[in-house]
Amino acid sequence: MAILLFFFFLLFDISRAIPVLDFSKLNGHERAKTLAHIANACEDWGFFHLVNHGISEDLLERVKKVSIDFYKLEREENFKNSKVMKLLNETGDKKLENMDWEDIITLTDDNVNEWPSQTPRFKETFKEFRYELKKLAEKILEVLDENLGLPKGYIKKAFKGEEGENNAFFGTKVSHYPPCPNPERVIGLRPHTDAGGLILLFQDDEVGGLQVWKDGEWIDVEPLKNTIVISIGDQIEVISNGRYKSAWHRVFSTTDNSRRSVASYYNPSHKATIAPAPQMVKETNEEWNQAYSKFVFGDYMSIYYQQKFHPKEPRFQAVSSI
């Protein structure tokens, strides 16, 4: 991994690349420095690569294999007859504005019986992967607690709801972006921020396409083997009272290669009430600088489903009036 990072820094302008952070350094004498780097990444980018995250390379390689096998065996032919493919072939040179060049399935604990069954070792591999990712997500949330000056477990508890009776929601989106004959006419995934809490992305090692909007331009999230890309969601932005920001991001389509993407998201329960943590709200000139109103996450998602590809600020305003 050290060699890979060396070549990464040689090839790319690190001032214009998302941070690459070593999670294992939290356990050594560089803990304070690593905490600061994570805090800066959350504040300045909302995205960062995580290396030495504790998930074995053997498991990651198995996830890659079953993901690729699954698409070829169970999805590739169907995509050729998908709505986006038909429209691309039938609309001449017209750009498809409200569609994505993406094949996707979602895995949750509640739909295990619907998980792919034809691909050998898919279920057992993803059950193991999701278990490890959820553990990692909760470790990262504790790091965010510490950096924000919140009690340990604050964000996890907030995601469960006031009485702690509901579990946070953990889902996994398995996506493929096949080669596109006309990438100038349809995007892989339209620009958006992530609605939930913390997103853990295991992206393709070789095929790029993910970009983050920063300082008025799109920045490539370069493929870096066996890293987990962390994305801050809208709910972390609210709990931190805007100190951490969810980032506008997109995926562009390409003509040459199929891109694999496995994104898992640790979200609040739909019944959880989300609001800025009291420790993040300061009294200034006899007023409280609370930048976000309190709301129920399920209400936010109802708005998000309709406005996912629009700016997030109107969503925050709309949910505050419910």
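**Exercise 1. Classify Arg315 and Asp234: are they buried or exposed?**

Solution. Start with the cut-offs. Buried means under 20% relative accessible area, exposed means over 50%, and partly exposed lies in between (1.4 Å probe, protein chains only). Arg315 is buried. Asp234 is buried too.

Two notes on the source. This is a predicted model, in which local features need pLDDT of at least 70 and side-chain atom pairs count only at pLDDT 80 or more, while totals for chains, interfaces and linings use all residues. Residues are numbered from 1 along each chain as its sequence is written, and side-chain values use heavy atoms, with hydrogens and water left out.

**Exercise 2. Find what joins Arg315 to Asp234, and say which parts of the chain the pair links.**

Solution. Step one: recall the rule. A salt bridge is a side-chain nitrogen of Lys or Arg within 4 Å of a carboxyl oxygen of Asp or Glu. Step two: apply it. The closest N and O atoms of Arg315 and Asp234 are 3.0 Å apart, which makes a salt bridge. Step three: place the residues. Helices (H or I, at least four residues) and strands (E, at least two) are DSSP runs, numbered from the N terminus. Arg315 sits in helix H9 (residues 312–320) and Asp234 in helix H7 (residues 234–239). The two are 81 residues apart, so the pair links distant parts of the chain.

**Exercise 3. Describe the salt bridge between Asp103 and Arg75.**

Solution. First, the distance: 3.0 Å, N to O, between the side chains of Asp103 and Arg75. Next, the location. Asp103 is in strand E3 (residues 103–107) and Arg75 is in helix H3 (residues 57–80), so the bridge ties together parts 28 residues apart in sequence. Asp103 is buried at 7% relative accessible area. Arg75 is partly exposed at 22%.

**Exercise 4. How many salt bridges does the whole structure hold?**

Solution. The search finds 18. One of them joins Asp215 to Lys214, with closest N and O atoms 3.6 Å apart. Asp215 is exposed, at 61%. Lys214 is buried, at 15%.

**Exercise 5. Give the strand order of the open sheet and name its edges.**

Solution. Start with pairing: two strands pair if DSSP finds at least two bridges between them. The sheet has seven strands in the order E1-E2-E9-E6-E11-E4-E3, with mixed pairing. Strand E1 (20–22) and E3 stand at the edges. Each has a single partner strand, so one side of each is left without a neighbour in the sheet. Now take one pair inside the sheet. Strands E4 (residues 169–177) and E11 (residues 259–267) run antiparallel and are joined by nine bridges. Ser175 has Ser261 as its bridge partner in E11.

**Exercise 6. Which residues touch the most other members of the largest nonpolar core?**

Solution. A nonpolar core is a set of buried Ala, Val, Leu, Ile, Met, Phe, Trp, Tyr and Cys residues joined through side-chain atoms within 4.5 Å. The largest has 63 residues. Phe126, Phe129, Ile140, Leu144, Leu198 and Leu200 touch the most other members. Helix H5 (residues 122–148) gives the most to this core, with eleven residues. Another core lies apart from it, with 16 residues, including Phe47 and Ile219.

**Exercise 7. Check the span of H5.**

Solution. The expected span is 1.5 Å times one less than the number of residues. Just after H5, Gly149 takes a positive phi of about 75°.
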